[in-house]
Protein chains: 2
Amino acid sequence: VAAPSARGTLTYSEAGVDLPLKREALAQLLGRVRYRPPPSHGRPVPLAGHYAGLVKIGRETLALTTDTVGTKVILAEQLGLWEPIGQDLVAANVNDLAAVGARPAGLVDVISCRRPDAAVFRQIGTGMARGLRLAQCALLGGETATVPDLVRNFDVGGTALGFFPRGRSPVTGQRIQPGDVVLGVPSTGFQTNGFTLIRRLLLEHQVDLHSRRSGSPLPLGIELLRGSRIYVPASEALASHAGTTGFAHITGGGVRNLTRLHPKVAFVLNQWPDPEGIFRWLADLGGIPDEELYQTFNMGIGFVIVLRPRAVEAARRALARAGVPDAVPVGYVERGVGVHLPKHGLRYDEYD
Amino acid sequence: VAAPSARGTLTYSEAGVDLPLKREALAQLLGRVRYRPPPSHGRPVPLAGHYAGLVKIGRETLALTTDTVGTKVILAEQLGLWEPIGQDLVAANVNDLAAVGARPAGLVDVISCRRPDAAVFRQIGTGMARGLRLAQCALLGGETATVPDLVRNFDVGGTALGFFPRGRSPVTGQRIQPGDVVLGVPSTGFQTNGFTLIRRLLLEHQVDLHSRRSGSPLPLGIELLRGSRIYVPASEALASHAGTTGFAHITGGGVRNLTRLHPKVAFVLNQWPDPEGIFRWLADLGGIPDEELYQTFNMGIGFVIVLRPRAVEAARRALARAGVPDAVPVGYVERGVGVHLPKHGLRYDEYD
């Protein structure tokens, strides 16, 4: 782990997450895996820019996403509060399905642990149940690995399987064009991204997780741990509509996630709401520059919807009916490339 | 971790894997996850006794399995040899699909690591490619989590998606009846199970992984690390035949895995081959009693096939054509319960 930079602030890389190293390692792995099975064993569907993998089996197109909760579990451990982690485990996976318009059909969980703990597992189960209910998804199985020599305490992840109901095609972003409107669905906090940096800041500033920030009735630990919102209802409300051109789950990489949707348009986020609450607090705590904030955290918007302008009003009504009344306009698409935040003078041309 | 038992031998539990604790924790988790989604979100298919979870989507029945390589990665690290781990990651998952007769259609991998390492990832990729080719399965995606505060070095797992080609039903074991014949497909070593105990024995007896056991041209480390055999060709050769009544992937739990197939028959393994090579060596090294050996390791047979007697000859021909010429009779089914090894005077009535 590198020392903080000269200007006294921490970047994600300085907090111990080295993205170029990861990119190179992954390129080496993928460079070796060139095997393509015969069509009788399923037909993979190429899909750039998304975390879901697609495969056709018979008449069905299936989507598979896998993700872990990451180092957020360390906060859960400090507070003895594991329900949010159970919900996060579901959310991290079904939200990546939602981002291609796939409907979740099943989840499997993986818990690698030093030693199983009934009280922890019960809380994780409660959170998973909540997440699965919100995503309307079944638990199909799972794995508990007792591996005391591999993990420090608990490492929690899973895989979700989704499909496309009759008449629905994957929502890939390929049809996005200048003039499209960008809506945002508010997040409930940091979801499961950026926690290596967050924990580093908490430690450096000796933050008491049981204290409250000004204006909040909740202890900081509870706010930071809050379970991820499930964006499946938003996706389900719109994925079958012709006017819907793209979805993005705003995960690690922040607003740069939008660049993965379409390489040859520019997303102008001129109405992205100013960060409030816990986002503002963390930014102030760490003196983190805007550039780093918006490329690392979801900054208050966890799911983005791209629409034809004529589809916006009907979409907002459909979202409200689906229990998502709080989607707000955050910007528009124009000719160009990358993601622009004109209020902050920021511009990102690629994902990483 | 408990001390070795009075008789100077180690059991799996004494080596740090506490199964009752795991069972209780898992019961707590599953007790909380009672949500059942509406049928329009996929219809889970109840399936007792298998690691695969099934869900119906439209006309297709999909199978999902998730598993990790576990602590075998620590041996890989000691030897700097990761290719077997890549193959194991595929095998652990597709072999659980093979055990219900599902054809693999896609895999996603998860690598949680302290720090990505290009050389390690390249080797894992090479092993994965080999496993995927043997299983005729595509890589659909994956996740690399850089979580230095969660894992000691590398934790490697994945999830596989399978399906049932037109005309094939899941092979569940429910149709098994007295008189059925049990065949075994030889394993290539310990696969990915029992390594917490194996490593404990290696340490206790200060075994040099670069040394050779009598009769082997290979260093012990290489023998212990050898990548798991892929049993998909065996399953594919027989899963669509009416005379095939059950499959079992012999993983942690050893021959007890058979009890999961059918609760009301007895499996008499009177022809299970005597353990040879690395199995015999480990048993002698640790002075491990037969009871512990057969309930922990695969003891030379990694995949079991249960057949109607009239189907055996055609099955062996089909296996040979599919590149599995080495399946051998290992026993038969009779009235009763559990798994019997008459040569060793052993009897297991349940899985755990």
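Modeller: Start with Arg122(B), which is partly exposed at a relative accessible area of 31%. Keep in mind that this is a predicted model.

Colleague: Where in chain B is the place of Arg122(B)?

Modeller: Arg122(B) sits in helix H4 of chain B, residues 118–135.

Colleague: Which residues gather with Arg122(B) in a patch of positive charge on the surface?

Modeller: Arg32(A), Arg34(A) and Arg36(A) do. Patch members must have over 30% relative accessible area and no salt bridge. Arg122(B), at 31%, passes that area cut-off.

Colleague: Now salt bridges. What is the general idea?

Modeller: Side chains of opposite charge can pair when their charged atoms come close.

Colleague: How many salt bridges does the structure hold over all chains?

Modeller: There are 24. Take one of them: Arg166(A) meets Glu60(A), with 2.8 Å from N to O. Arg166(A) is in the loop between strands S6 and S7 of chain A, while Glu60(A) is in strand S3, so the pair ties together parts 106 residues apart in sequence.

Colleague: Are these two partners buried or exposed?

Modeller: One of each. Arg166(A) is exposed, at 53% relative accessible area. Glu60(A) is buried, at 4%. The cut-offs are under 20% for buried and over 50% for exposed.

Colleague: How far apart in helix H8 of chain A are Arg280(A) and Asp284(A)?

Modeller: They are 4 residues apart, about one turn of the helix. Their side chains form a salt bridge, and the closest N and O atoms are 3.3 Å apart. Arg280(A) is partly exposed at 33%. Asp284(A) is exposed at 52%.

Colleague: What does Asp326(B) form with Arg229(B)?

Modeller: A salt bridge, with the closest N and O atoms 2.8 Å apart. Each residue lies in a loop of chain B, and the pair ties together parts that are 97 residues apart in sequence. Asp326(B) counts as partly exposed at 28%, but Arg229(B) counts as buried at 18%.

Colleague: Which residues are linked in a network of salt bridges?

Modeller: Arg103(A), Arg168(A) and Glu236(A).

Colleague: Last topic. How do I read the relation between two copies of a chain?

Modeller: Two copies are related by a rotation about an axis and a shift along it. Here, a rotation of 180 degrees with 0.0 Å of shift superposes chain B on chain A, with an RMSD of 0.0 Å. The copies are therefore related as by a two-fold rotation axis.

Colleague: Which C-alpha in chain B is nearest the axis?

Modeller: That of Val151(B), 2.1 Å from the axis.

Definitions and conventions. Residues numbered from 1 in each chain as written. Chains lettered and ligands numbered in written order. Predicted model: local features only at pLDDT ≥ 70, side-chain atom pairs only at ≥ 80, totals over all residues. Heavy atoms only, no water. Patch = residues over 30% accessible without salt bridge, like charges linked within 9 Å, V, L, I, M, F, W, Y side chains within 5 Å. Areas by Shrake-Rupley, 256 points an atom, 1.4 Å probe, with all protein chains shown as cover. Salt bridge = Lys/Arg side-chain N within 4 Å of Asp/Glu carboxyl O. Lys, Arg positive; Asp, Glu negative; His and termini not counted. Charge placed at Lys NZ, Arg CZ, Asp CG, Glu CD. Helix = DSSP H or I, 4+ residues; strand = E, 2+ residues; numbered from the N terminus. Buried < 20%, exposed > 50% of the residue type's maximum accessible area, 1.4 Å probe, protein only. Least-squares fit on C-alpha atoms with pLDDT ≥ 70 in both.
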